[in-house]
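Welcome! Here is a short tour for anyone meeting this protein for the first time. Please take a look at the sequence and the model, then read on.

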Amino acid sequence: MAWCPDCERYLTPPTLSSEGACPDCGEQVEHPTERQVEHPTERGEPDVERIPWHFWLAVGAAVVYLVWRVVQGAALLL
């Protein structure tokens, strides 16, 4: 998708003018291959991908479920 830096929004190809400019401000837009993507280490951040919180929530729920099933299985044996 094209990005207009002046309007700060993404534009789909049908919304661009025939010259490839933003329909609102008329400026040329940047295409993904032209835009430089800044790497996290260039911003001074550590190069570590963070695991989303909802993944850990799912892992915790699975652990609680499995522990409960072990308790049920032990109750059947006794």
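Predicted model: local features only at pLDDT ≥ 70, side-chain atom pairs only at ≥ 80, totals over all residues.

## Surface and overall layout

The protein has one helix and two strands, and along the sequence they follow the pattern β-β-α. Strand β1 covers 2–4 and strand β2 covers 9–11, while helix α1 spans 53–77. Of the 78 residues in the protein, 10% are buried. If you take the contacts between residues at least 6 apart in sequence, 23% of them join residues at least 24 apart.

## The loop between the strands

Let us begin with E8, which sits in the loop between β1 and β2. The phi angle of E8 is positive, about 55°, although E8 is not a glycine. E8 is also exposed, with 61% relative accessible area.

## A salt bridge

How many salt bridges does the count come to? The count comes to one salt bridge. D24 and R9 form a salt bridge, and their closest N and O atoms are 2.6 Å apart. D24 belongs to the loop between β2 and α1 and R9 to strand β2, so the pair ties together parts that are 15 residues apart in sequence. As a general point, side chains of opposite charge can pair when their charged atoms come close.

The partners can also be described by their accessibility. D24 is exposed, with a relative accessible area of 56%, whereas R9 counts as partly exposed at 34%.

## Cysteines without a disulfide

Why does the count of disulfides come to zero? A disulfide needs two cysteine sulfur atoms within 2.5 Å. For C22, the closest cysteine sulfur is in C7, at 3.7 Å, which is too far for a bond. For C25, the closest cysteine sulfur is in C4, at 3.6 Å, and that is again too far for a bond. The count of disulfides is therefore zero.

Is C22 buried or exposed? C22 counts as buried, with 3% relative accessibility. C25, on the other hand, is partly exposed at 33%.

## Around Q28

Q28 is another residue of the loop between β2 and α1, and it is exposed, with a relative accessible area of 52%. Which residues does Q28 touch, leaving aside its neighbours within four places in sequence? Q28 is in contact with P5, E19, G20 and A21. From Q28 to S17 the C-alpha to C-alpha distance is 9.5 Å, and these two residues are 11 apart in sequence.

## Aromatic rings and a nonpolar patch

The count of aromatic pairs comes to one. This pair is made by F55 and W56, arranged edge-to-face, with 5.2 Å from centre to centre and 70° between the planes. F55 is partly exposed, with a relative accessible area of 40%.

F55 and W56 also take part in a nonpolar patch on the surface, together with I51, V59, V63, V67, W68 and V71. The accessible area of the patch is about 770 Å². One of its members, V71, lies in helix α1 and is partly exposed, at 43% relative accessible area.

How values were computed. Residues numbered from 1 in each chain as written. Heavy atoms only, no water. Helix = DSSP H or I, 4+ residues; strand = E, 2+ residues; numbered from the N terminus. Buried < 20%, exposed > 50% of the residue type's maximum accessible area, 1.4 Å probe, protein only. Salt bridge = Lys/Arg side-chain N within 4 Å of Asp/Glu carboxyl O. Phe/Tyr/Trp six-rings, centres within 6.5 Å; stacked < 30°, edge-to-face > 60°. Contact = heavy atoms within 4.5 Å. Patch = residues over 30% accessible without salt bridge, like charges linked within 9 Å, V, L, I, M, F, W, Y side chains within 5 Å. Areas by Shrake-Rupley, 256 points an atom, 1.4 Å probe, with all protein chains shown as cover.
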